[in-house]
Amino acid sequence: MRTSAARRTAVAVTAVSLALLTACSGGGTNEGGDKGKAGSPAAAEPAAKALTATELEKLALAEGEVKGHKVTKAGPEDEVPGGQVVADKAECKPLADAVAAVPLGDAKATVKRKVVEEPKKKDDAAADLGDLGDLTDEDVEEALNSAFDLTATMVSVSSYDGKGAEEAVAGLRTAARACAGGFGMTMGTDKSKIVKVEEIKVSGGQEATAWALLSEQEGEKMPHKVVLVRQGATLASFSSFNLGSIASGKDFPLPTAVIDAQAAKLG
């Protein structure tokens with residue numbers, strides 16, 4: 001049912017990861033064969049080391065850091081284990097994981113936040129509805145959709161060794177291209193079909209990418225947004241849906257305030 005799908009989708013929120021690139025210099029010795037003196041090539045820098053979950057907690061969003069939004073730590077009830085996320089096409093699994101807010105690639109540590117847009121003030125909602133006796137059914141439906149025009153986002157902040165974050169972003173891009181025509185996916189016991197995957201513009205970090213998806217379940221269509229922002233070896237992934245869009249099936253804008261706030265904390 002749609003309510004069940006919304007609950008599962010609330011868990012979903014992709015993600016953007018930041019990868020720290022490994023830098024290396026050329027080898028060789030100076031003309032005299034001496035090593036370690038001024039002018040000799042520097043040794044290769046060590047590969048990026050993943051942050052711990054404790055370190056990631058300091059980079060994740062906290063309450064009060066996104067105006068007009070409620071930020072809370074994700075709990076066990078918000079999680080969909082990676083093993084319970086299945087795509088009917090193997091190449092689409094990374095995209096299904098991103099929708100379900102499952103860490104991408106070989107993440108060494110992950111912390112998650114639920115970020116929900118705050119509802120309108122009661123006075124504003126009442127003004128939208130006005131005198132119900134004077135409203136048509138279409139007016140009431142539009143007013144209700146407006147009142148529930150709230151976007152919920154699951155933000156996952158993950159850390160990787162070496163180029164793992166960079167590879168996770170590349171893997172999701174590959175999956176999105178391969179699965180642009182759609183695919184079937186299961187989250188726990190909920191089955192749905194992704195019928196549209198379209199890349200959209202987003203900015204942030206050293207690397208950012210985003211997609212608008214449209215899922216269909218029991219004849220009802222529901223838009224989603226998946227975003228990745230990479231900064232060094234840390235990847236922030238965002239998976240969003242909109243309560244009003246669940247009812248209307250209409251698209252909703254990217255939660256840019258959430259994306260920008262998390263990207264700023266990554267550095």
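## Terms and basis of the model

Helices (H or I, at least four residues) and strands (E, at least two) are DSSP runs, numbered from the N terminus. The structure is a predicted model, in which local features need pLDDT of at least 70 and side-chain atom pairs count only at pLDDT 80 or more, while totals for chains, interfaces and linings use all residues. Residues are numbered from 1 along each chain as its sequence is written, and side-chain values use heavy atoms, with hydrogens and water left out.

In helix H8, which spans residues 256-266, the residues Val258, Ile259, Ala261, Gln262, Ala263 and Leu266 are buried, where buried means under 20% relative accessible area, exposed means over 50% and partly exposed lies in between (1.4 Å probe, protein chains only). The cover over these buried residues includes helix H2 (53-59) together with strands E2 (69-73), E4 (109-117), E5 (151-159), E9 (220-231) and E10 (234-242). After H8 comes Gly267, which has a positive phi, near 100°.

## Salt bridges

Eleven salt bridges are found in the structure, a salt bridge being a side-chain nitrogen of Lys or Arg within 4 Å of a carboxyl oxygen of Asp or Glu. One of them joins the side chains of Lys73 and Glu57 at 3.8 Å, N to O. Because Lys73 belongs to strand E2 and Glu57 to helix H2, this pair ties together parts that are 16 residues apart in sequence.

Another salt bridge, between Arg230 and Glu207, has its closest N and O atoms 2.5 Å apart. Arg230 lies in strand E9 and Glu207 in strand E8 (residues 207-217), so the pair ties together parts that are 23 residues apart in sequence. Arg230 is buried at 5% relative accessibility, and Glu207 is buried with a relative accessible area of 17%. Within helix H3 (residues 93-99), Asp97 and Lys93 are four residues apart, a separation of about one helical turn, and their side chains meet in a salt bridge at 2.7 Å, N to O. Here Asp97 is buried at 10% relative accessible area, while Lys93 is partly exposed at 27%.

## Ser192 in strand E7

Ser192 is placed in strand E7, which covers residues 190-200. Leaving aside residues up to four places away in sequence, Ser192 is in contact (heavy atoms within 4.5 Å) with Phe183, Gly184, Met185, Glu216 and Gln217.
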